[in-house]
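Trainee: Could you help me learn to read strands, sheets and burial in a model? I would like the general idea each time, and then the case at hand.

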Amino acid sequence: MRYSLVCLLSLWAGCLWAQEKKSDPSRWTPEDIINTETMREVQISPDNKMVVWTKSKAVKEKDKFVSDIYLTRLDVRKEDKYLTIPLTQGDESEHSPLFSRDSETVYFLSSREEGKKLWAMSIYGGEPKEVHSFEDGISDIKWLNDTTLTYISHDGKTLYEQKLEEKKDNTVIVEDTVHWTTKRVYSFSLKDKKVQRLTDNEYPVSQYAVSRDGRWLIAGLLMSPHYASDAQPKGEYYLYNLESGEKRRVLQNLQTPSSFKFTPDQQGMYFTAEKSSDPEWNGAGITELYYYNLTSHSYDKLNLNWEWGLGGDYALTPSGLMAHLANGATRKLAYYHKDGNYWQQQMISLEGKEEHLRFFEISDDGQQLVYEFSNASQLPQYYVAEVQSRRGKLALDEEEELIKLNKKLSKKTLTRYEVYRWKGYQGEEVNGLLYYPENYEEGKKYPLVLSIHGGPSGVDLDLWTERWSTYPNIMAQRGAFVLKPNYHGSSNHGLAFVESIKKNYYEPELVDIMNAVNELAEKGMVDKEKLGVMGWSNGAILTTMLTVRYPDIFKAAAPGAGDVNWTSDFGTCRFGVQFDQSYFGGAPWDDVDGKFYNENYIIKSPLFELEKVKTPTIIFHGSEDRAVPRDQGWEYYRALQQNKQAPVRFVWFPGQPHGLQKITHQLRKMNEELDWFDQHLFKTYEAENEALKEDSPLAMLLKKDKAAKEGHLYGVIKNEKLLPEVVALDKDTIAVGRFEVTHAQYQAYKKEHSFNPLQSNYPVHNVSIAEAKAYVQWLNEVSGDSYRLPTVKEATKWHEMARKNANKENTLNYWSGFDITKEEIAQLQQKIDEEKPSLIKEVGSHAPLKINDAEIYDLGGNVAEYHSEGNTYGYSAYDYADPNDQNSKSDQQKYYGFRIVKQAQ
């Protein structure tokens, strides 16, 4: 494949829903990753009796993910579990659920009706009711008091905007701080439906919080439409006293304050802020926690007694707070009891569980906590626990599973893993998640796939994170180690570690990664002749540079949405100024080291070295990506295509931003990537014949020809007897005959059975139920296995499948050639009686039906089949399957046959 090609993606139906070739239910597929269930947007009711939450689902028909709202009753049990009911279901996304203060109603927002309406639903059920329509939009709802909500919106379109709209002028003036929409905080009274503006800001609100008593409101403002890219001017923060009308600017000397939470006693407010060596560019650093005193209007930094700072969210209790602390690949859990102006630390231990949990919500009274528990190879579990606080100490008691999700994934094999540690740049310890190959054998060498996180100040935690951009379980089941390295520059490892790559980009990271590769190879675990590398965003940036610096060792690379040219990134990335100046030590035109320009923008750009790349590379990019501008992908592709040193494939996703959002695109990315690694690293790729239609007669014939045969006869030989072939319906329980029992197979039992030799592979028929059972008894004796006829329950299910597919099976419905009605059947049967055609065909002459992943032939046609109680299911070629009569069945015994079921022993 020494050529280049570009794949410009469109919604091509032939490749939208590609699946893993293997159908074993224990194996992971891209579809499993897409359909993994997670709990989000959790809230505990004020009376502590309920939890409301959302769950995302993939809606194929709309090619998008939507969320539904669920209610779990902590005061009602069913089958010894908390009762959970769906409050909403449909193809629209319902989100932001919020309990009323009396716990009787759930308010929420929705994507329906253009997302401009507030909805409500009783906890006792019923249809959602529209509360009010907000023509200028509504988002981020919170409670101001018992009957009043707050939200973010704007005052409507200006005359200037209306005129442009009338002209259908969508021209964008890039630098225009006069005409950009100013978002403010408003209140809405549920009693009289009145709307009131609460903030008078000239610049848009980006975040806000309200105290429970409705007195205080903190709002953070964006001062430029390009704040994210320029980091200038800095955001401003205003504290409003809604009772007195007083407004004051606060927090002026801190880097990106965020996560505001007013204390339950209304005396103060907690918030986070970043600490870095280059706050002028909002450079990556560590997160610290602060307390703002609402009486003195002063703030203090909490002494977390933890050098690396926060490692996630924090949750307030009546007398303090719980917080996740940064701890490398894990997080510690601590409680801080407030005693005057001091906070006493207590490390919380849950037998190792504390390093693998993420708390969602703590109740208003601080007595209940909902949290998620998982690790890198264990699907999330969701718990509710009682929070006990005594004399400044906190404990979690009576933990109980709140809801069990992902039941369909319970049979999936989860690979072994460990938090692996090694010496990286300058001998400093580095860690990462190392996933072991399926069926790992000590002493044997395996391929290694590097799966590199983005950021660069991201981090791979020992939590469940399988998603479309990284899926180590699928790679592990292909027989590879997977390493997710937390290279220098990653967060959660302290300030020195996260800042170590500033003005030193690429150098520590590549040493870290290659040291791990070499160490695993020296231990005899990894085969250095079988290395692959993949990553998204900064993971793609490092993937690219690894193939530049080490052109001879990687057999496959899959960079997604990564930069190759920093000189163009500076001006086109939406945060190019912030990112590039922080990591490259200034702007491209700055004088650095005696030169009149900053040469880092050139010497750090892979573009100028891409002629070295020999690794087969598949490039992914979204057309609307502004985080890593889309043309970076084109520059990357053009260089590899022109240099002709390596195969290259460029997969372009129309309309997609930095993170892929469409289901089709996420699946396409995973399937393309897996095919690339199968081809170039694992050497297992089988190219699809694009001229072979899946349900064409030729495809059906080829599929049927793969059935077990002895000479020209279908079946398998055991103890010198021709027996029926079975296919697994459930690998742990039963297997079903691929075909109906044939004449030749039946003759192996009953030597005197006569038939036309040309019809050896036709189904045996005109047998009695007693003869069918006698055959099964003989089959058990001659094989030593346990066979039976289908049960009534199985037969009932299969009969309904047969009735629905009668037009495609060997029935009169099929032979008529049109949607024949019951009134016309008599005439058709009269013709058959006159001409006496032979309608029964060789087994497998029609396309199979699928039960689970098993393909079963002639289940609904050819001959009707006996079940264990002597009646039949399905139809013969001489029967009419009435689509309007669920009880329609065959009544011609001369066309009765049977198939067998093999029971696991």
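Trainee: How many bridges pair strand β43 with strand β50, and in which sense?

Mentor: First the terms: strands (E, at least two residues) and helices (H or I, at least four residues) are DSSP runs, numbered from the N terminus. Two strands pair if DSSP finds at least two bridges between them. Here β43 (residues 734-737) and β50 (residues 901-903) are paired over three bridges in the antiparallel sense. One of the residues to look for is V736, whose bridge partner in β50 is V901.

Trainee: Before we go on, what kind of model is this, and how are residues numbered?

Mentor: This is a predicted model, in which local features need pLDDT of at least 70 and side-chain atom pairs count only at pLDDT 80 or more, while totals for chains, interfaces and linings use all residues. Residues are numbered from 1 along each chain as its sequence is written, and side-chain values use heavy atoms, with hydrogens and water left out.

Trainee: In what order do the strands of the sheet with β43 and β50 lie?

Mentor: The order is β42-β43-β50-β44, an open sheet of four strands with antiparallel pairing. At the edges are β42 (726-730) and β44 (786-788); each has a single partner strand, so one side of each lacks a neighbour in the sheet. Neighbouring strands in this sheet are turned by 35° against each other on average, direction ignored. For such angles, axes are lines fitted to C-alpha atoms (for helices over the stretch in contact), and angles run from 0 to 180 degrees between N-to-C directions.

Trainee: Which strands form the open sheet that includes β3 and β4?

Mentor: That sheet has four strands in the order β2-β3-β4-β5, with antiparallel pairing. Its edge strands, β2 (39-44) and β5 (81-86), each pair on one side only. The twist from one strand to the next averages 30°. Inside the sheet, β3 (residues 50-59) and β4 (residues 64-78) are joined by ten bridges and run antiparallel.

Trainee: Which strands are joined to β12?

Mentor: β11 (residues 148-153) runs antiparallel to β12 and is joined to it by six bridges, with T150 opposite S187. β13 (residues 195-197) is also antiparallel to β12, joined by three bridges; there, F188 has V195 as its bridge partner. The hairpin of β12 and β13 has five residues between the strands, and K193 takes a positive phi near 60°.

Trainee: In what sense does β34 pair with β32 and with β35?

Mentor: Both pairings are parallel: β32 (residues 446-452) meets β34 over six bridges, and β34 meets β35 (residues 554-560) over six bridges. L448 stands opposite L531 in β34, while W536 has G560 in β35 as its bridge partner. β34 (residues 526-536) is mostly covered, with eight of its eleven residues buried.

Trainee: Is T272 buried or exposed, and what does it touch?

Mentor: T272 is found in strand β19 (residues 268-275), and it counts as buried because its relative accessibility is 8%. A contact means heavy atoms within 4.5 Å. Not counting residues up to four places away in sequence, T272 touches several residues, including P257, L289, L310 and Y314. T287 is 15 residues from T272 in sequence and 6.5 Å away in space, C-alpha to C-alpha.

Trainee: And for the whole chain, how many helices and strands are there?

Mentor: The protein chain has 18 helices and 50 strands. Of its 905 residues, 54% count as buried. Among contacts between residues at least 6 apart in sequence, 59% join residues at least 24 apart.

Definitions and conventions
Buried < 20%, exposed > 50% of the residue type's maximum accessible area, 1.4 Å probe, protein only.
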